Amino acid sequence: MRILESPKFCFGLEFLSEDTVIKELLINNQIREREVRLLDQDGTQLGIMSSREASAIADSRNLDLVLISPTAKPPVCKIMDYGKYKYEMIKREKENRKNQKVVEIKEVRLSATIDTGDMITKSKQALKFLSDENRVKVSLRLRGRQMARPELAVKVMNEFFEMVKEKGQMDKPPVQEGRSITMMLAPIAKK
């Protein structure tokens, strides 16, 4: 019987990183179920039997008995090389992570009394974020007497959107939440 005590036993350290998440499955002597449905390496059913008999079959083939579906009635176990399975799962997860793009949310802060030059500078920064395919959160904080006229701040937000609308679309319109007004912009999807 092969017992895998730690991930370092089967893999080099370069395969395991802190952000690698692999669901740990019960193997060999960790399985405490009375009866299990046993599957062969190729997926054919060998029937329902006690976990000791299933473990003996796995030992005779010099493979591991792995509990793949603990919630089924009876639980389902499969005979496989667990080290090889875990290695392939890590490779697949790395490949998936390589193919996905992480979308970040960048923030641009405005004020209700922003001047046109500053507005142009902020819009250029937002256009740069949108061209990098990041989402942009535009926020504006109302101070003092500005709370009495939030419609002026919403007007500033709409003017800002007009400056960046060729690269971005409004994901969430300007909404007042307490003293701040926020708007979300998303990059325009490329065809």
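Reply: Leu-39 is found in strand E2, where strands (E, at least two residues) and helices (H or I, at least four residues) are DSSP runs numbered from the N terminus. This is a predicted model, in which local features need pLDDT of at least 70 and side-chain atom pairs count only at pLDDT 80 or more, while totals for chains, interfaces and linings use all residues. Residues are numbered from 1 along each chain as its sequence is written, and side-chain values use heavy atoms, with hydrogens and water left out.

Me: Is Leu-39 buried or exposed?
Reply: Buried means under 20% relative accessible area and exposed over 50%, with partly exposed in between (1.4 Å probe, protein chains only). Leu-39 has a relative accessible area of 15%, and is therefore buried.

Me: Which residue is 38 residues apart from Leu-39 in sequence and 6.2 Å apart in space?
Reply: Contact means heavy atoms within 4.5 Å, and, leaving aside neighbours within four places in sequence, Leu-39 is in contact with Thr-44, Gln-45, Ile-68, Val-76, Cys-77, Lys-78 and Ile-79. The 6.2 Å separation is taken C-alpha to C-alpha, and the residue at that distance is Cys-77.

Me: In which sense do E2 and E3 pair?
Reply: Two strands pair if DSSP finds at least two bridges between them. Glu-35 stands opposite Ser-50 in E3, and the hairpin of E2 and E3 has 5 residues between the strands, with Gly-43 taking a positive phi near 100 degrees. Strand E2 (residues 35–39) and strand E3 (residues 45–50) pair over 5 bridges, and the sense is antiparallel.

Me: What is the order of the 4 strands in the open sheet?
Reply: The edge strands, each pairing on one side only, are E6 (105–110) and E8 (168–177). E6 and strand E7 (residues 135–141) pair in the parallel sense over 6 bridges, and Glu-107 stands opposite Lys-137 in E7. The pairing in the sheet is mixed, and the order is E6-E7-E9-E8.
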